[in-house]
Amino acid sequence: MKILFASDLHGSASAAEKVLEWLEKEGADRFFLLGDLLYHGPRNDLPDRYEPREVIRLLNESPIVPLCVRGNCDAEVDQMVLNFPVLADYAVLPVGQRLVYVTHGHVFNLNHLPPLAPGDILLHGHTHVPAWTNFGQGSLYLNPGSVSLPKENTAHSYMTLEGSTACWKTMEGACYHQLQL
């Protein structure tokens, strides 16, 4: 199974279009949105083509229903317009012998860890910066970066997970980092 992870759309219709384009090109079976779907947030500039209504339409009409966790810019009113659950604070995915704790990153992160076992993986967005860092007793922190508002001079990016291989890709589809989990 191949899963595409994208984070921090922040209402960008162009970013949502790209994610859906890459979902098809990648041949992904599922995709996971790591929060901050519709609103740009008070500390961010407006993203390219800030059109929350168009993002709603694109996501609701997606041929693959997104899995999603709630970001700090997501609210109950967003659930009223989206046809898939967006208010979960986290999800847990098995990958081989490890568990992947998927969240947005504003509550659980490297400074405030969820209940992980040694070797488990923390996967979140929120920072808008791609990451793959070992910590603790064989645990791993992963971040796909942001598809709409990358920070710290990083590329607009997403991540794929196929089997136990994670790959970080630019929005042009170039893999710039690959990792065996």
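Student: What percentage of the 181 residues of the chain count as buried?
Tutor: Keep in mind that this is a predicted model. Buried means under 20% relative accessible area. In this chain, 53% of the 181 residues count as buried.

Student: How many helices and strands does the chain have?
Tutor: The chain has 3 helices and 11 strands. Read from the N terminus, their order is β-α-β-α-β-α-β-β-β-β-β-β-β-β. The radius of gyration is 15 Å, close to the 16 Å from the globule rule for 181 residues, so the chain is as compact as a globular protein of that length.

Student: What box do the C-alpha atoms fill?
Tutor: Along the principal axes, that box is roughly 45 × 30 × 30 Å.

Student: How many positive and negative side chains are there?
Tutor: There are 12 positive and 20 negative side chains. The centres of these two sets lie 2 Å apart.

Student: Now the backbone. What should I know about phi?
Tutor: Most residues other than glycine have a negative phi. Here D8 has a positive phi, near 60°. R49 is not a glycine either, and its phi is positive at about 50°.

Student: Where is D8 placed, and is D8 buried or exposed?
Tutor: D8 lies in the loop between β1 (2–6) and α1 (13–26). Its relative accessibility is 0%, so D8 counts as buried.

Student: Where is R49, and what is its relative accessible area?
Tutor: R49 sits in the loop between β2 (30–33) and α2 (52–60). Its relative accessible area is 33%, so R49 is partly exposed.

Definitions and conventions
Residues numbered from 1 in each chain as written. Predicted model: local features only at pLDDT ≥ 70, side-chain atom pairs only at ≥ 80, totals over all residues. Heavy atoms only, no water. Helix = DSSP H or I, 4+ residues; strand = E, 2+ residues; numbered from the N terminus. Rg over C-alpha atoms; globule rule 2.2 N^0.38 Å. Buried < 20%, exposed > 50% of the residue type's maximum accessible area, 1.4 Å probe, protein only. Lys, Arg positive; Asp, Glu negative; His and termini not counted. Charge placed at Lys NZ, Arg CZ, Asp CG, Glu CD.
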